[in-house]
Amino acid sequence: MKIIAIGDSITEGFPYTRKESWVTFLGQELHCEIINKGINGDLTQNIHDRFGRDVLAFNPTHVIILGGTNDAYAKYPLEIVSPHFTAMIKMSQEHGIIPIIGLPIPSLVADDEFFLQQYRNWLIDCAKMNNLPLINFYAPFLKRLEAGEESKLFVDEVHPSLEGYQFMAEIVKNDVEILK
């Protein structure tokens, strides 16, 4: 099994290094190769534009696609964002790669969260319609936020803390069937 995780700063591990990202923590937990292709500041269009170079060129068995936070910050409507996810899913399938959709974690910025929730709803529907595996990073984070653990999970209004990144890896590990 060879996995690529592609996305924005939340995949990259910002404000830390890739060594402290959920991707690295997950690879350590599962004892398998997971390549981190997160880039700070990327929009879904940027992720889509580099998909061939950063995913297809590595010929992985799986790709975890996690993005949308910067699109929400830019206030891009779903109609601008969803085609990029659709294209990445299609490219994966055409190359025999299993696409796994990641639901973005909550943003503590209400305006951003408004857009992120639209993206999440669409991603859930897309995964169901196409029988794709889905990693729900959102619900476990939301549960802990509702329990008052905001300061444990976030370093700012958007980016996870080290504990938050470890929690993201744990979410995937607890649903390891998704990677089969």
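Q: Where do I start? How many helices and strands are in the chain?
A: Start with the inventory. This predicted model has 10 helices and 5 strands in the chain.

Q: What does the radius of gyration say about the chain?
A: Compare it with the value for a compact globule. With 180 residues, such a globule would have a radius of gyration near 16 Å; the chain has 15 Å, so the two agree. For the overall extent, take the box along the principal axes. The C-alpha atoms fill roughly 40 × 40 × 25 Å.

Q: Now the sheet. In what order do the strands run, and is the pairing parallel or antiparallel?
A: Strands of a sheet pair through backbone hydrogen bonds, in either a parallel or an antiparallel way. Here 5 strands make an open sheet. The order is E2-E1-E3-E4-E5, and the pairing is parallel.

Q: Which are the edge strands?
A: Look for strands that pair on one side only. These are E2 (33–38) and E5 (134–136). From one strand to the next, the twist averages 20°.

Q: How many bridges join E3 to E4?
A: There are 4 bridges between E3 (residues 62–66) and E4 (residues 98–103), and the two strands run parallel.

Q: On to helix packing. At what angle do H2 and H10 cross?
A: Read the axes first, then the side chains. The axes of H2 (residues 22–30) and H10 (residues 162–173) come within 8 Å and cross at roughly 45°. The two helices are therefore oblique to each other. Their crossing is right-handed.

Q: Which residues meet in the contact of H2 with H10?
A: H2 brings Trp22, Phe25, Leu26, Glu29 and Leu30. H10 brings Leu162, Tyr165, Gln166, Met168, Ala169, Val172 and Lys173. By class, the residues of this contact divide into 9 nonpolar, 1 polar and 2 charged.

Q: H10 also packs with H8. At what angle?
A: H8 (residues 138–146) and H10 pack at about 135°, with axes 10 Å apart. Angles over 145 degrees would count as roughly antiparallel. H8 and H10 are therefore oblique to each other. H8 passes H10 in a right-handed crossing.

Q: Which residues make the contact of H8 with H10?
A: Pro140, Phe141 and Arg144 come from H8. Glu163, Gly164, Phe167, Met168 and Ile171 come from H10. The classes are 5 nonpolar, 1 polar and 2 charged residues. Note Met168: it is listed in the contact with H2 and in the contact with H8.

Q: How far apart are the axes of H6 and H7?
A: They are 10 Å apart. H6 (residues 78–94) and H7 (residues 110–129) pack at an angle of about 35°. The crossing is right-handed. H6 contributes Leu78, Val81, Ser82, Phe85, Thr86 and Ile89. H7 contributes Gln118, Tyr119, Trp122, Leu123 and Cys126.

Q: How many charged residues does the contact of H6 with H7 have?
A: It has no charged residues; 8 are nonpolar and 3 are polar.

Q: Last, the backbone. Which residues does the cis peptide bond join?
A: Most peptide bonds are trans, and most residues other than glycine have a negative phi. The cis bond here joins Phe14 and Pro15, with omega about 10°. Pro15 sits in the loop between H1 (9–12) and H2.

Q: Is the phi of Asn59 positive or negative?
A: Positive, at about 50°, although Asn59 is not a glycine. Look for Asn59 in the loop between H4 (51–54) and E3.

Definitions and conventions: Residues numbered from 1 in each chain as written. Predicted model: local features only at pLDDT ≥ 70, side-chain atom pairs only at ≥ 80, totals over all residues. Heavy atoms only, no water. Axes fitted to C-alpha atoms, helices over the stretch in contact; angles between N-to-C directions. Parallel < 35°, antiparallel > 145°, perpendicular 65-115°, else oblique. Left-handed = near helix turned anticlockwise from the far one by under 90°. Contact = heavy atoms within 4.5 Å. Nonpolar A, V, L, I, M, F, W, Y, C, P; charged D, E, K, R; others polar. Pairing = 2+ DSSP bridges. Rg over C-alpha atoms; globule rule 2.2 N^0.38 Å.
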